[in-house]
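Please look at the sequence and the structure before reading on.

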Amino acid sequence: MKKKINLFFFGAGNIITEHIQAAKKFKEFRLYGIKSRTFSKANSLKKKYKIHNCFKDYKDIEIPKNQISVAIVGVSIENTYEVYKKIYNLFDVCLMEKPLGYNLDQAKKINELSKKSDTKIFVALNRRFFFSTQELLKKITKEKSKRIVNIVDTQNPKLCSNRFPYKIIKNWIFANSIHMIDYINIICRGQIKKIENIYGKKDNVKVLKILFTSNDICFYSQYWNLPGPWSVSISNNKGFYKLEPLEELSFRETDHISFQKVKRHKLDLIFKPGFYNMYRNLSLFVQRKKNNLVDIQKSLNLMKIIDKIKKK
């Protein structure tokens, strides 16, 4: 019989509810504890999902001995670092909601603190785990020709200004564009050798050309405060592939006249897209099997790319 993996949830908002619902589908996970700034919200989730413990204070947290314990951190972006400081050395594994801090400096602080413990840290970049994204990567991996990638990033931080403090809105490219910029990271091969601004100098509308050592090229279009969906498209010698919306893959390969559409996977309809796959990969990691979780170093490198794009 496999040992149970104890999950501790930090936060009690909608995103933690999504984590709990996905985790419950895996028998190896035990919903062991929850802690939130608002005890009543945490206690409500404890009762609803039959979580074993609800902790009022960090000093009350009890870690079962000789068992694997995992922290799931889903607090507000501005509080991520403060919560992490209190728990960084308590758990075997920590899965933190994106981003790794609200800017690069915060990400570096979390990274430095992580070096003081043996806790393995991962960041929950759930778009990587969409079934559509996984299918896209399968289709393009074997083709070695140059990739021409178009990323359309539409945001409206003004609409969120009443829900987030100014420092988050000011760094919105870290808070939410991180998902789109991560597609650059996982699709384009090699290292970035040049980032060139080819249109616009303001934060709200600009187009960047990003060149890679592999000869892949990415056009990152940032259209903020304008309507439109997120989209990712790729052209190579084999075909044209598009995610729009990101949960759906359509493609036309050289031996087909018309576009083909891949049906959305039911697990990305039942759960928040990507979450089922993410927890499957968390289970694989704990079992010391091959997985695709995003560790803190990869996440820090992503934050560095975002910082470079922000400054262009």
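The protein exposes about 15900 Å², and carbon and sulfur atoms supply 48% of this area (Shrake-Rupley method, 1.4 Å probe). The model is predicted: local features need pLDDT of at least 70, side-chain atom pairs count only at pLDDT 80 or more, and totals for chains, interfaces and linings use all residues. Residues are numbered from 1 along each chain as its sequence is written, and side-chain values use heavy atoms, with hydrogens and water left out.

**Overall form**
- The C-alpha atoms fill a box of roughly 60 × 45 × 35 Å along the principal axes.
- The radius of gyration is 20 Å, which agrees with the value near 20 Å for a compact globule of 312 residues (taken over C-alpha atoms; the rule is 2.2 Å times the number of residues to the power 0.38).

**Fold and packing**
- The protein has 11 helices and 15 strands (DSSP runs: H or I of at least four residues for helices, E of at least two for strands).
- Of the 312 residues, 52% count as buried (under 20% relative accessible area, 1.4 Å probe, protein chains only).
- Among contacts with a separation of 6 or more, 66% are between residues 24 or more positions apart (a contact means heavy atoms within 4.5 Å).

**Cavity**
- There is one cavity of 30 Å³ or more (on a 1 Å grid, a set of points where a 1.4 Å probe fits but cannot get out).
- The largest cavity has a volume of about 40 Å³, which is the space filled by probe spheres set on the points.
- Leu125, Arg127, Arg128, His179, Asp182, Tyr183 and Ile186 line the largest cavity (lining residues have an atom within 4 Å of a point).

Notes: 1 Å grid on protein atoms, 1.4 Å probe; cavity = no way out; pocket = protein on both sides within 12 Å on 5 of 7 lines; lining within 4 Å. Buried < 20%, exposed > 50% of the residue type's maximum accessible area, 1.4 Å probe, protein only.
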